[in-house]
Amino acid sequence: MKEELLKKIRALVEGEKLALDSYFFCGSGSSLPDEELISSGEAYLRAAESGSTDEAAKEKLLERLESAAGKKQEVLKSRASIVDDMEDPKAEVIREILENRELL
């Protein structure tokens, strides 16, 4: 199960990096991607891949995931929140990671 969570974290970090590039270079996508989520996710993944533990990176990652879980996605062009029945596609992944935080 931990390997599955690591894959999800890796995919989430890569998705945020892509969204960040899209935001700055194309001016499209959702609201400003979370650079702290990217850096804390990368730090956590580096430690996990080397077989060590980085508690500071883990705590920062969990903090950023909890923050992201509480936000509503916005459409950049109009800066309008997406209606409640159209959930952010990352929300389920974030929820699953947070529900299994003891495995990290």
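Visitor: Which residues touch the most other members of the largest nonpolar core?
Guide: This is a predicted model: local features need pLDDT of at least 70, side-chain atom pairs count only at pLDDT 80 or more, and totals for chains, interfaces and linings use all residues. Numbering starts from 1 along each chain as its sequence is written, and side-chain values use heavy atoms, leaving out hydrogens and water. A nonpolar core is a set of buried Ala, Val, Leu, Ile, Met, Phe, Trp, Tyr and Cys residues joined through side-chain atoms within 4.5 Å, where buried means under 20% relative accessible area (1.4 Å probe, protein chains only). Here the core has 19 residues, and those touching the most other members are Ile9, Tyr44, Leu61, Leu65, Ile97 and Leu104.

Visitor: Which helix gives the most to this core?
Guide: Helices are DSSP runs (H or I, at least four residues), numbered from the N terminus. Helix 1, helix 2, helix 3 and helix 4 (91-99) each supply at least two core residues. The top contribution is six residues, from helix 1.

Visitor: What does Ile9 touch, not counting residues up to four places away in sequence?
Guide: Contact means heavy atoms within 4.5 Å. Ile9 is among the core members with the most such neighbours in the core. Its partners are Tyr44, Leu45, Leu61, Ile97 and Leu104.

Visitor: How much space lies in the largest cavity?
Guide: A cavity is a set of points on a 1 Å grid over the protein atoms alone where a 1.4 Å probe fits but cannot get out. Points join across faces, edges and corners, and volume is the space filled by probe spheres set on them. The structure holds one cavity of 30 Å³ or more. Its space is about 30 Å³.

Visitor: Which element gives the largest share of the lining of the largest cavity?
Guide: The lining (residues with an atom within 4 Å of a point) is Ile9, Leu12, Val13, Leu37, Leu61, Leu65 and Ile97. Two or more residues come from helix 1 (2-26) and from helix 3 (55-69). The largest share, three residues, belongs to helix 1.

Visitor: Why does Arg95 count as partly exposed?
Guide: Arg95 sits in helix 4. Its C-alpha is 9.8 Å from that of Ala68, 27 residues apart in sequence. Partly exposed lies between buried and exposed, the latter being over 50%. Arg95 counts as partly exposed because its relative accessibility is 38%.

Note on methods
1 Å grid on protein atoms, 1.4 Å probe; cavity = no way out; pocket = protein on both sides within 12 Å on 5 of 7 lines; lining within 4 Å.
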